[in-house]
Amino acid sequence: TRRSADLDHRDRLAAQFNLATSMSAMGDRTGARALLEAVLAGYERTLPADHPDLFRARGNLADSMRAMGDHAGARAIVEAVLAGFERTLPPDHPDLIRARAHLPLSWCAMCALAGARAQWEAVLAGYERTLPEDHADRLRARAALASAMITMGERSGARALVPALAAGMRRRVLASQALAPR
């Protein structure tokens with residue numbers, strides 16, 4: 001019907017997503033999650049099962065769930081999103097690597113550090129193949145891997161990651177200073 005088509009219009013769903021993001025930033029995580037669930041339901045009604053926007057909507061809901069402390073629920077959704085991207089995208093596609101980066105966040109919160117460490121290693125390897133050495137995502141993955149290793153008591157392994165992390169951060173700072181107005 002016309003009414004349900006209007007409710008599922010992509011612009012309306014995008015606006016709901018933006019509103020959910022604002023609500024979450026203002027502390028209304030419950031309201032944000034409800035809107036993200038509505039966005040996901042709209043995409044599920046209108047998009048093919050393997051559409052990347054559907055995977056992204058599921059990932060956004062998982063982020064909301066993780067922020068509310070539902071780490072097991074978030075992990076299940078992220079694993080499904082990751083499986084979908086693995087079926088439909090090449091191995092080094094940025095969306096696939098980004099989806100991999102969401103999984104260890106739930107694992108760390110659930111104290112599954114060995115799984116988190118392995119996933120951070122895979123994420124960092126993907127970013128090392130596809131991004132410049134001082135790209136923010138690559139630096140964040142390196143820092144997250146070092147943090148997981150420290151938490152697991154592997155301080156010497158974490159220490160080995162620090163020089164490349166520090167050098168990349170230094171280059172980013174120097175580049176931002178060079179671009180700053182004088």
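**Exercise 1.** Determine whether arginine 66 is buried or exposed in this predicted model.

*Solution.* Step 1: buried denotes under 20% relative accessible area, exposed over 50%, and partly exposed the range in between, with a 1.4 Å probe and protein chains only. Step 2: the relative accessibility of arginine 66 is 12%, so the residue counts as buried.

The model is predicted: local features need pLDDT of at least 70, side-chain atom pairs count only at pLDDT 80 or more, and totals for chains, interfaces and linings use all residues. Residues are numbered from 1 along each chain as its sequence is written, and side-chain values use heavy atoms, with hydrogens and water left out.

**Exercise 2.** Locate arginine 66 and state which residues it touches.

*Solution.* Step 1: arginine 66 lies in helix H4, residues 52-67 (helices are DSSP runs of H or I with at least four residues, strands runs of E with at least two, numbered from the N terminus). Step 2: leaving aside residues up to four places away in sequence, arginine 66 touches His71, Ala74, Val78, His102, Leu105 and Ser106 (contact: heavy atoms within 4.5 Å).

**Exercise 3.** Describe the protein as a whole: which elements does it hold, and how much of it is buried?

*Solution.* Step 1: the protein has nine helices and zero strands, in the order α-α-α-α-α-α-α-α-α. Step 2: 36% of its 182 residues count as buried. Step 3: among contacts with a separation of 6 or more, 46% join residues 24 or more positions apart. Step 4: the C-alpha atoms fill a box of roughly 60 × 45 × 35 Å along the principal axes.
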